[in-house]
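I opened this entry to keep a record of what I looked up in the model, one topic at a time. The notes follow the order in which I went through it.

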Amino acid sequence: MATLPVLRLQEFRRFSREFGRVVSDVRSVLFSLILLIVLGGVVLFVVEELTFWEGQYLAFVTSLTIGYGDLSPSAPVGRVVCIVLGVVGMVWMGLVVGLASVALRRTVDAEQGEANEGGGN
């Protein structure tokens, strides 16, 4: 029983390495999504007459599709920006979940390959 936490830690490390590899494959996509969120925050800052950080906050909350409701756009341009940020957020979350599932699949395949090699000797 003492080896169980060690095995879990090794599995987590393997998953983390795979996740890092998968993320590095789509680094430019992730960077462009983050840039879009930041630029959306700047547009909201200007159009909605918010403080800079309120614009960034609204862009971030909208892109994560959380929508607390404490800030909301009133200008038509601000509303369009929030719609775009909501769609970007859905793409962002789908991409992160997809990357995690690819990393998990690779981790499971590697573990099964090691188990098959160890069992055949």
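**Loop residues with positive phi**

I began with Thr-65, which is partly exposed because its relative accessible area is 48%; here buried means under 20% relative accessible area, exposed over 50% and partly exposed in between, with a 1.4 Å probe and protein chains only. I note that this is a predicted model, in which local features need pLDDT of at least 70 and side-chain atom pairs count only at pLDDT 80 or more, while totals for chains, interfaces and linings use all residues. Residues are numbered from 1 along each chain as its sequence is written, and side-chain values use heavy atoms, with hydrogens and water left out.

I placed Thr-65 in the loop between H3 and helix H4 (76-120); helices are DSSP runs of H or I with at least four residues, numbered from the N terminus. I then looked up its backbone and found that phi of Thr-65 is near 55 degrees, a positive value in a residue other than glycine. Most residues other than glycine have a negative phi. I also noted Glu-49, whose phi is near 55 degrees and positive in a residue other than glycine, and which lies in the loop between H2 and H3. Glu-49 counts as exposed because its relative accessibility is 73%.

**H2 against H3**

I next looked up how helix H2 (residues 27-47) and helix H3 (residues 52-63) pack, and found an angle of about 130 degrees with the axes 7 Å apart; axes are lines fitted to C-alpha atoms, for helices over the stretch in contact, and angles run from 0 to 180 degrees between N-to-C directions. H2 and H3 are therefore oblique to each other, the class left over once angles under 35 degrees count as roughly parallel, over 145 as roughly antiparallel and 65 to 115 as roughly perpendicular.

The contact (heavy atoms within 4.5 Å) includes Ile-37, Gly-40, Gly-41 and Phe-45 of H2 and Phe-52, Gly-55, Ala-59 and Ser-63 of H3.

I checked the length of H3, whose twelve residues should span 16 Å at 1.5 Å a residue, and its end C-alpha atoms are 17 Å apart, which agrees; the expected span is 1.5 Å times one less than the number of residues. Among the buried residues of H3 I listed Gly-55, Leu-58, Ala-59 and Val-61.

**Leu-104**

Leu-104 and Phe-19 are 85 residues apart in sequence and 7.9 Å apart in space, C-alpha to C-alpha.

Definitions and conventions. Helix = DSSP H or I, 4+ residues; strand = E, 2+ residues; numbered from the N terminus.
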